[in-house]
Amino acid sequence: MTLATMKRGALLVASIASLLASPALAEVTVLGWPGGPEEVALRAAADAYNAKSDVADKDKVELLFFNRDGFWDKLQADLAAGSKAFDLNLLATYSIGRYAPFMEPVELSDEAKVVYGDSVLSTMQYEGKQYGVPTDLSLHFMYFRKDLVDALMKDDTAKARYAEISEKHLGKKLEPKAPDEWTWDDYAATALYFTQAVNPDSPTRYGTVLQLKNLLFNIMIWQSVPRAYGANWMDDSGKITVNSEAYRKGLEIYKLLYDNGATPRDSLSYEFAEANAAFASGQVAAMLQWNAAAGDLTSKEKSPAVAEVTDTVAPPAGPEGRFTHIHGLGFGLNKNAENKEGAALFLKWLSSKEAALIYARNNGAPALTPEVVAEVADARPDLVKLGEFAGKYGYVMNGGTSAKALSVYELQAKEFTGYWSGQQSIDDALANTEKGMAELLK
Amino acid sequence: MTKAQQRPLVQEFRLLATPVVLFLLVFLGFPAIVNLIYSVSDVSFETLRQPELSGFKNFVAVWSDSAFWQASWFSFRFGLLTAVLECGLGLFLAIFLSPLIERRSWLMAILMLPLMVAPALVGLMYRLVLHEFVGPVPYYLWTYFGASLSFLGPGSSFWTLVVVETLQWTPFALLLFYMAYQAIPSEIAEASAMDGAKSHHRLWYIELPLMLPTIVVALLIRFIDGFRVFDNVYVLTGSGPGGSTASLSIYIYEAFFKQGAIGKAVAASVILFVVSFAVLYGLNFIASRRKGAIR
């Protein structure tokens with residue numbers, strides 16, 4: 001082989017290598033949440049950004065998606081391995097502490113505060129630093145059948161039966177109320193009343209459907225019950241406070257409903273999809289569920305049996321008030337990003353009013369301030385409720401953004417489902433949770 | 001063959017074996033060594049490259065974790081039950097359907113269909129099939145009996161998982177047993193018939209003993225598969241209420257990814273490896289002794 005041939009070969013290899021390498025260096029790669037409204041919204045925002053004349057070719061945005069199953073675990077492994085496959089990645093309130101060591105704080109646009117407000121921006125903060133743009137907010141609605149509740153409130157015989165059932169199971173005579181005025185006891189009484197196992201005349205098979213699968217997201221839904229009785233993961237001094245009357249009350253309400261057949265026996269394997277299917281069948285009177293279900297449950301095509309008679313309110317109240325768990329999904333900067341400058345520019349734009357409105361108009365669920373949401377209220381009336389509930393009732397448990405927050409949810413899911421399924425006592429469940437949390441959050 | 005004649009052959013064998021040995025060293029040896037180090041280290045996702053040695057703390061944590069024993073018991077029970085059910089059913093079908101399959105061989109392709117479905121998809125499928133409001137099984141139970149079983153409730157989820165696993169993997173046992181049954185020389189059957197042996201005597205004293213090695217292998221393979229079950233159980237019930245349907249594989253996965261307890265997860269996998277190795281070694285030892293005794 002001659003020297004000239006070797007040189008030509010080396011040149012060819014170098015050219016191929018540079019051709020293969022250059023696209024990755026020139027673009028901003030965003031790892032998104034696949035297969036849902038978030039993907040649709042992100043695609044629309046990325047298209048709008050790429051179409052802007054002042055965005056250089058090297059800063060155009062390219063999207064990357066991998067499967068939702070095990071998404072956070074795969075992301076954890078990628079970030080820990082120092083992956084450069086993406087510049088920006090999805091981030092959730094409950095996982096910021098876990099991923100913060102592999103990410104960098106970000107700078108938002110000057111409009112961000114006006115667009116989102118402080119409480120929503122705080123869902124993407126960790127140790128006082130902003131780690132992401134809060135593009136989607138999740139919280140809970142109480143979905144209920146207004147036809148059934150209206151009929152109950154107009155019927156004196158039904159009211160008497162309701163009082164009888166509430167006295168037998170809850171120890172006090174209650175009167176039916178409008179769902180917006182419910183306490184957790186009212187919810188429990190309504191759920192029991194609309195259960196055929198308790199009240200054979202009930203028009204529905206079950207009064208409610210609980211999501212009791214051993215899954216961390218199900219604990220996020222449930223924990224608004226003990227929160228209404230004053231529960232928190234820990235106090236200001238860092239002492240774990242789960243072994244409390246508030247947690248006991250929250251656990252007992254769910255146990256009462258499960259044991260009396262107010263929710264399907266298979267609820268211990270139910271999560272988001274199963275609960276929605278149960279409610280959409282028309283055999284359930286009320287359900288606490290993520291706001292993301294609103295679109296499907298009020299769509300005549302997707303839920304013909306209940307779409308026109310389903311309404312939503314904020315979760316019921318307890319002695320300490322009315323609460324809904326909130327967490328945000330957003331986008332943050334990978335510490336090992338190859339195009340940090342381009343990524344920072346996109347994040348700044350993503351936190352602007354222009355981007356927020358594009359995101360909202362394309363199926364996203366940003367929690368916007370009343371002034372901003374007014375501009376999309378006609379197209380997205382659900383966002384008005386989202387912003388209102390987040391501002392009035394939203395909370396994050398103390399320690400809910402820590403590095404071990406996900407592990408805490410996992411622990412609670414295991415222990416509390418153990419109690420609901422009758423495998424351990426409430427005392428053991430609370431003691432085990434307290435011990436495990438002390439270890440995780442020390 | 002003299003030593004001088006053997007030398008080139010040995011060199012040739014070494015040369016041919018080198019890629020395989022290198023492959024095994026890189027893809028099995030390296031992870032095994034890293035696993036051993038992690039199992040005696042304090043390590044997290046942040047310190048994957050700088051684990052700190054911590055002695056046998058992780059092994060003690062696993063050993064004293066009631067969830068580990070709960071998962072071990074689940075895996076053992078699940079593996080044993082499904083292996084026995086699959087092999088029993090597979091054996092029955094192989095013998096019972098043998099005349100039919102001999103004449104209509106395409107039937108075997110239909111019987112093998114469940115094997116073609118990924119276990120995770122099987123789990124997903126049964127999540128729909130058994131769902132009270134969308135699944136056909138509860139629908140017909142409600143329609144005809146006015147009530148439905150709770151297939152995935154706390155008292156029944158284990159048995160539902162056993163049935164789902166058995167339905168998917170019985171065809172595997174059926175295939176092995178059918179091949180073994182077909183391999184029995186027809187002369188033996190003819191000779192026994194001439195001697196006046198009845199069909200059940202022929203089955204018990206001739207055919208089953210001849211099929212015994214296949215039965216043992218099938219039981220072993222199915223037990224190992226059932227013991228390490230992950231996909232369909234995880235999709236169908238997760239780790240179950242209170243961890244009641246967590247197999248050892250699920251326990252290790254959750255310790256690693258959900259709890260971030262990497263050292264503990266790896267220590268559990270090392271224990272599993274040592275126990276599995278001991279069991280397989282023991283079985284191999286017994287088998288070779290039996291072989292020796294027969295000779």
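How are α19(A) and α20(A) oriented to each other? Before I answer, a caution: this is a predicted model.

Helix α19 of chain A covers residues 405-420, and its axis comes within 9 Å of the axis of α20(A). The two cross at roughly 170 degrees. With angles over 145 degrees counted as roughly antiparallel, α19(A) and α20(A) are therefore roughly antiparallel to each other. On the α19(A) side, the contact is made by A:Ser407, A:Val408, A:Leu411, A:Gln412, A:Glu415, A:Phe416 and A:Tyr419. The α20(A) side has A:Ile426, A:Ala429, A:Leu430, A:Asn432, A:Thr433, A:Gly436, A:Met437 and A:Leu440. By class, the residues of this contact divide into 9 nonpolar, 5 polar and 1 charged.

Stay with α20(A), residues 426-440, for its packing with α12(A), residues 245-259. Here the axes are 11 Å apart and the angle is about 130 degrees. From α12(A), the residues involved are A:Tyr247, A:Arg248, A:Leu251 and A:Glu252, and they meet A:Ile426, A:Asp427 and A:Leu430 of α20(A). That contact has 4 nonpolar and 3 charged residues, and no polar ones.

Chain B gives another helix pair. Helix α3(B), residues 66-103, and helix α9(B), residues 199-227, have axes that come within 9 Å and cross at roughly 145 degrees. The crossing of α3(B) with α9(B) is right-handed. Its contact has 16 nonpolar, 5 polar and 2 charged residues.

Now the interface. How many residues of chain A are in contact with chain B? There are 34, and they touch 33 residues of chain B. The area buried between the two chains is about 2700 Å², and carbon and sulfur atoms give 51% of that. On the chain A side, A:Asp73, A:Arg205 and A:Asp266 lose the most area to chain B, together 20% of what that side buries. There are 3 salt bridges between chain A and chain B. A:Arg205 also forms a salt bridge with B:Glu132, with the closest N and O atoms 2.8 Å apart.

Last, salt bridges over all chains. The whole structure has 34. One pairs A:Lys385 with A:Asp311, where the closest N and O atoms are 4.0 Å apart. A:Lys385 lies in helix α18(A), residues 381-393, and A:Asp311 in strand β11(A), residues 310-313, so the pair ties together parts that are 74 residues apart in sequence.

Conventions: Residues numbered from 1 in each chain as written. Chains lettered and ligands numbered in written order. Predicted model: local features only at pLDDT ≥ 70, side-chain atom pairs only at ≥ 80, totals over all residues. Heavy atoms only, no water. Axes fitted to C-alpha atoms, helices over the stretch in contact; angles between N-to-C directions. Helix = DSSP H or I, 4+ residues; strand = E, 2+ residues; numbered from the N terminus. Contact = heavy atoms within 4.5 Å. Nonpolar A, V, L, I, M, F, W, Y, C, P; charged D, E, K, R; others polar. Buried area = accessible area lost by both parts, 1.4 Å probe. Salt bridge = Lys/Arg side-chain N within 4 Å of Asp/Glu carboxyl O. Parallel < 35°, antiparallel > 145°, perpendicular 65-115°, else oblique. Left-handed = near helix turned anticlockwise from the far one by under 90°.
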